[in-house]
Number of protein chains: 2
Amino acid sequence: MSTTSSYAAQSATSLLAPFKIDRRDLGVNDVKIDIEFCGVCHTDIHYAKNEWGSTHYPVVPGHEIIGKVAALGSAVKHLKIGQRVGAGYMAGSCHQCPSCKAHLEQYCLKGFTTIFNSPTKDPGGFAYGGYAKNIVLDQHFVLSVPTGLDPAGAAPLLCAGITTYSPLMHWGVKPGMTVGIIGLGGLGHLGIKLSHAMGAKTIMITTSKTKALDAIKLGADEALISTDKIAMNRMLNQFDFLLNTIPVPHDFNPYLRLLKLDGTMCIVGSIGPTAELNTEPLVYGRRSIAGSIVGSITETQEMLYFCAKHHITANIEIIKMNEINVAFERMLKGDIKYRFVIDMSSLSVT
Amino acid sequence: MSTTSSYAAQSATSLLAPFKIDRRDLGVNDVKIDIEFCGVCHTDIHYAKNEWGSTHYPVVPGHEIIGKVAALGSAVKHLKIGQRVGAGYMAGSCHQCPSCKAHLEQYCLKGFTTIFNSPTKDPGGFAYGGYAKNIVLDQHFVLSVPTGLDPAGAAPLLCAGITTYSPLMHWGVKPGMTVGIIGLGGLGHLGIKLSHAMGAKTIMITTSKTKALDAIKLGADEALISTDKIAMNRMLNQFDFLLNTIPVPHDFNPYLRLLKLDGTMCIVGSIGPTAELNTEPLVYGRRSIAGSIVGSITETQEMLYFCAKHHITANIEIIKMNEINVAFERMLKGDIKYRFVIDMSSLSVT
């Protein structure tokens with residue numbers, strides 16, 4: 001066993017605190033990564049606070065990992081010691097089901113293994129994530145990070161980036177299309193940059209005039225205030241695709257009417273029970289509501305190359321590890337543009 | 001003006017009763033049809049009873065019309081006097097918007113004109129439908145009925161038939177696919193026949209064991225009882241496409257999990273507010289919920305030829321015009337396999 005220091009929540013009410021954990025020894029297919037940066041996603045808060053009821057304590061969150069290869073198992077041929085790599089929300093899948101065989105591990109029919117809180121053969125029985133000095137991962141789930149991408153700004157690409165890139169690509173976003181990005185946060189701000197880089201006319205849809213202005217600075221062609229009924233009516237039947245990043249349950253119906261015939265609104269933010277659905281805008285317009293979760297490993301690698309080519313990274317605020325609880329509080333108030341990233345050199349076991 | 005006798009509701013509480021109405025004089029683009037048969041759709045009840053709050057009395061329902069050409073405007077070249085024709089829910093559209101230009105009049109951005117209860121230049125100001133001796137319609141919305149199709153059994157194809165055919169075609173139903181038809185009524189029973197004829201493995205999904213057996217007789221390969229949790233779990237991730245014909249608000253979530261990766265459930269029955277949506281099955285499986293309304297005129301013509309080729313008509317019970325109120329009552333109890341069709345020769349003005 002190798003040991004590392006991590007930041008863990010040890011109960012639903014505990015703050016995250018320094019903690020010594022064991023990692024599994026390096027297997028032949030494993031990669032050990034010395035973690036440089038780890039993004040802070042809302043999912044980390046859900047798990048730290050056991051809001052989904054499935055947390056195994058102690059839990060080490062963190063699934064937007066950038067680091068350098070520290071050690072390689074004997075079967076790992078495509079990576080080199082010292083190379084910059086990344087890892088995201090997935091750390092395993094069955095590799096046997098139709099989804100896995102189609103290289104869509106994120107839809108593994110047995111359920112993909114998350115990088116933390118999933119059952120594992122590691123000491124402790126449940127995987128520890130990226131709020132840590134290092135991590136040992138199956139090579140299949142380790143991405144090459146192209147040179148030229150700022151490592152701290154690239155960390156959120158591993159979750160927020162791929163979560164928005166994958167549906168934009170799947171629904172064929174390209175020049176000539178009008179795309180709406182609903183909600184401006186960690187996901188939404190990358191959605192704007194990616195949709196814009198794909199060549200679509202990109203419109204921010206938000207309740208906030210301040211966010212509307214911010215979105216234009218991020219590359220949105222226009223902004224639409226969703227509480228402005230006249231503006232919303234003017235945009236009926238105008239959108240080819242809507243990416244809905246709002247992270248809480250809400251009424252979908254006003255947005256659906258913005259879609260053209262055969263348009264799709266894809267949900268990537270609010271997972272679980274939401275508001276009552278009105279089928280009328282679906283029926284009168286053959287519109288669809290769909291969902292999407294992260295993206296495949298192949299797509300994630302493509303996305304990293306795409307971001308390097310188009311100079312896309314997240315807008316971030318770098319914090320020290322011992323500032324994480326304040327960061328969680330600020331995230332809950334929406335007080336972050338647009339992602340906290342932990343500088344892992346700030347983590348030391350006391 | 002030419003006059004005709006019709007069956008009309010004159011208020012929300014009145015029974016339908018014989019009534020003399022005027023039809024507009026034949027225009028150059030018009031076709032006058034002597035109506036032989038008219039199917040009875042649940043929408044007729046909604047309008048007769050003003051359940052959607054938009055009925056203009058007196059209302060003459062009826063939008064599954066089969067008859068013979070009685071007169072032709074001078075610009076109508078593709079039809080002949082005496083030829084058997086049909087007409088469905090649509091009687092007009094703008095012909096200018098992107099949907100109309102794409103020959104998808106059912107998604108006309110100005111809203112298609114319904115065959116009854118829509119504003120019209122006809123006497124009275126609102127169109128009268130097919131519970132009548134004859135009707136005058138724009139040639140664009142008049143379909144040729146192929147010989148070999150039983151005229152009474154063909155009437156419901158003009159609404160129930162096209163409403164199920166259009167989404168089955170749009171989502172590419174073909175051999176090798178597994179299709180679920182949810183709900184066995186006027187729409188569902190035609191959905192089974194059409195999906196089966198398209199070569200898909202067709203599975204009836206119903207709460208009722210009796211309906212499950214009936215569905216097999218209609219051509220379903222299998223039936224799935226939706227209240228049987230073990231059977232439902234066995235069928236998770238098995239369906240390429242689900243056609244949801246349930247006419248009332250209900251919980252979509254148990255059905256969504258039956259879809260494969262990238263599968264779609266299309267709503268054709270319950271239009272309006274429905275139950276709370278859980279986005280989880282959408283997100284974990286990139287599944288979609290969509291909707292569809294009737295079908296284009298081009299598709300409706302194709303559907304009639306398809307039905308003639310595959311010997312598909314609706315299972316019907318022929319009634320006389322003065323039995324319509326009993327028919328409405330029986331429909332509300334689900335006591336019809338699967339469509340009432342009015343023999344219009346039974347209508348005479350008293």
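In which loop of chain A is Lys320(A) found? In this predicted model, Lys320(A) sits in the loop between strand 17 (316–319) and helix 11 (324–332) of chain A, where helices (H or I, at least four residues) and strands (E, at least two) are DSSP runs numbered from the N terminus. Leaving aside neighbours within four places in sequence, Lys320(A) is in contact, meaning heavy atoms within 4.5 Å, with Ile342(A) and Ser346(A). The C-alpha atoms of Lys320(A) and Phe340(A), which are 20 residues apart along the chain, are separated by 9.8 Å.

Residues are numbered from 1 along each chain as its sequence is written, and chains are lettered from A and ligands numbered from 1 in the order in which they are written. Local features need pLDDT of at least 70, side-chain atom pairs count only at pLDDT 80 or more, and totals for chains, interfaces and linings use all residues, while side-chain values use heavy atoms, with hydrogens and water left out.

An unreviewed UniProt entry carries the annotation "domain: Enoyl reductase (ER)" for residues 11–342 of chain A; UniProt positions are given in the numbering used here, feature names are shortened, and annotations may be inferred rather than shown by experiment. Over residues 11–342 of chain A, the chain is 26% helix and 27% strand, with the end C-alpha atoms 22 Å apart.

Helix 4 (residues 160–170) of chain A packs against helix 5 (residues 186–197) of chain A at an angle of about 50 degrees, with their axes 8 Å apart; axes are lines fitted to C-alpha atoms, for helices over the stretch in contact, and angles run from 0 to 180 degrees between N-to-C directions. Helix 4 of chain A and helix 5 of chain A are therefore oblique to each other, given that angles under 35 degrees count as roughly parallel, over 145 as roughly antiparallel, 65 to 115 as roughly perpendicular and the rest as oblique. The residues of this contact divide into six nonpolar, six polar and no charged, where Ala, Val, Leu, Ile, Met, Phe, Trp, Tyr, Cys and Pro count as nonpolar, Asp, Glu, Lys and Arg as charged, and the others, Gly among them, as polar.

With helix 10 (residues 297–310) of chain A, helix 4 of chain A makes an angle of about 100 degrees, and their axes are 10 Å apart, so that helix 4 of chain A and helix 10 of chain A are roughly perpendicular to each other. Here Gly161(A), Ile162(A), Tyr165(A) and Ser166(A) of helix 4 of chain A meet Glu299(A), Thr300(A), Glu302(A), Met303(A) and Phe306(A) of helix 10 of chain A. The residues of this contact comprise four nonpolar, three polar and two charged.

Some backbone details also deserve attention. Most residues other than glycine have a negative phi, and most peptide bonds are trans. The peptide bond from Tyr57(A) to Pro58(A), however, is cis, with omega near -5 degrees, and Pro58(A) lies in the loop between helix 1 (42–48) and strand 4 (65–72) of chain A. In chain B, a cis peptide bond joins Lys337(B) and Tyr338(B), with omega about -5 degrees. Asn50(B), a residue other than glycine, has a positive phi near 55 degrees.

Finally, a rotation of 180 degrees with 0.0 Å of shift along its axis superposes chain B on chain A (RMSD 0.0 Å), the superposition being by least squares on the C-alpha atoms of residues with pLDDT of at least 70 in both. The two copies are thus related as by a two-fold rotation axis.
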